[in-house]
There are 2 protein chains.
Amino acid sequence: MIVTFVGTAGSGKTTLTASFGRYLEENGYSVSYVNLDTGVKRLPYEPDVDVRQDVTAWDIMEEGYGPNGAIVESYDRLLPRVSNYVSTILEAERGSDYVLLDTPGQMETFLFHEFGVRLMENLPEPLTVYLFSPDILRKPADFCFVRFFGLMIELRLGTTTVPAMSKIDTVERLEDYRRYLDDMEYLNARLKLEPSMQGLLAYRMCSALPELAPPTRVLYISAKTGEGFDDLETLAYEHHCTCGDLT
Amino acid sequence: MIVTFVGTAGSGKTTLTASFGRYLEENGYSVSYVNLDTGVKRLPYEPDVDVRQDVTAWDIMEEGYGPNGAIVESYDRLLPRVSNYVSTILEAERGSDYVLLDTPGQMETFLFHEFGVRLMENLPEPLTVYLFSPDILRKPADFCFVRFFGLMIELRLGTTTVPAMSKIDTVERLEDYRRYLDDMEYLNARLKLEPSMQGLLAYRMCSALPELAPPTRVLYISAKTGEGFDDLETLAYEHHCTCGDLT
């Protein structure tokens, strides 16, 4: 089965790919690792498939591009090879229990570029894990934002998407985060008290969420301590068997 | 008044900042230009405020960072100076009719990093223009995605956000795009015909849109030909006077 880690730069995709992979291997599974980031320097895992064999952002920067331009250009150059990557990943899937996909450093490269969208459209039932780090959650509307972002990824990539808070070893009181993320009624009650336009929009959006999609449960993960790895494994297994019901 | 251009790398923010600014100046307005991109090499306008005076992604890459890491690190370093930038931008606003904000190359740097969020929270009623280029629109669900993305930006930054399709000079039949973007009933009718889970999610999300926020009109812009500049000017003016009713 294929598990894809998607998230902004710094959300911990690469570290998690390495440590969750190790966890799976220690539990007797065979794992293939796929690196889709043209701009990463060092990887903490040995990739079985690596886009940098074809294109790197580095080489393109040497042609005179800035870092943003080079990243976009690298996926423009990978695009004609997308069906090769689909085949290679499918082959890896046949040969191993898990294929872990580590996506581009900047999430939008994967969500907005045709390379990411076409790759995901052609893989069979991948589970997407949307990683967000706790430091982007400062006010109630932010919790609504990440809840909705998971849905946006699902809408764009067409894959079942599970939101996962990463780096939980860095937060003092995890239960404060869980209350907002696990209990939509609590979050909505707090949003209702916000007097701003932003609060009102968040309240409207979060209230509508249960009607838009069955409320997926949120994972809480630490790539450092391994907390939450068992939940992620269970969820990947459930997804593989039931294809989609992750409430 | 402050107009902020937000969009993925390659959506045309910088080119539009330059050419819309020139248009405004030709119409007798005074314009200040603000560059918030630490990774841009050359600008087609003369910035009055430029984050690169403090930090560049280049210098950070020379310390050994990869392009993605360098971009994130550059905003980490700018964060302690965010209130200085707010003051400088407010000063620019007092001295000119328009302040145009050209945001980081990668949209998520602005939306997910505290630098962007805190900057926008502290500026008075900026209008955000969410630029997307036509090449990301391939199927009906994609139109729903960009419509919703405008709302996500509004939710995150707390600013009135107008979706704008850029590069309209590159499309053959603009009316095909307009039909999906301007007529939500047409889009919903098409989404209803999509048999996939993705189509169903898009249908549900787009059907809910009118209840979540008054449907903002979409702008159609070419930085090359100047098409749509008058609409953008009118809309910025209306926003400035009425603060928010852009239906």
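In the predicted model, helix H7 (residues 140-157) of chain A packs against helix H8 (residues 174-182) of chain A at an angle of about 60 degrees, and the two axes lie 10 Å apart. The two helices, H7(A) and H8(A), are therefore oblique to each other, since the roughly perpendicular class begins at 65 degrees and the roughly parallel class covers angles under 35 degrees. The crossing of H7(A) and H8(A) is right-handed. On the side of H7(A), the contact is made by Pro140(A), Phe143(A), Val146(A) and Arg147(A); H8(A) contributes Tyr177(A), Tyr180(A) and Leu181(A). Classified by residue type, the contact of H7(A) with H8(A) comprises six nonpolar residues and one charged residue, with no polar residues.

Chain A also contacts chain B, with 51 residues from chain A and 51 residues from chain B taking part. The size of an interface is often given as the accessible area lost when the parts come together. Between chain A and chain B, the buried area is about 4700 Å², and carbon and sulfur atoms give 64% of this area. Within chain A, the residues that lose the most area to chain B are Phe112(A), Phe145(A) and Leu155(A). Together, Phe112(A), Phe145(A) and Leu155(A) account for 17% of what the chain A side buries.

Charged pairs are also present at this interface, with eight salt bridges counted between chain A and chain B. In one salt bridge, Arg156(A) is paired with Asp142(B), and the closest N and O atoms are 3.0 Å apart.

Terms used
Residues numbered from 1 in each chain as written. Chains lettered and ligands numbered in written order. Predicted model: local features only at pLDDT ≥ 70, side-chain atom pairs only at ≥ 80, totals over all residues. Heavy atoms only, no water. Axes fitted to C-alpha atoms, helices over the stretch in contact; angles between N-to-C directions. Helix = DSSP H or I, 4+ residues; strand = E, 2+ residues; numbered from the N terminus. Parallel < 35°, antiparallel > 145°, perpendicular 65-115°, else oblique. Left-handed = near helix turned anticlockwise from the far one by under 90°. Contact = heavy atoms within 4.5 Å. Nonpolar A, V, L, I, M, F, W, Y, C, P; charged D, E, K, R; others polar. Buried area = accessible area lost by both parts, 1.4 Å probe. Salt bridge = Lys/Arg side-chain N within 4 Å of Asp/Glu carboxyl O.
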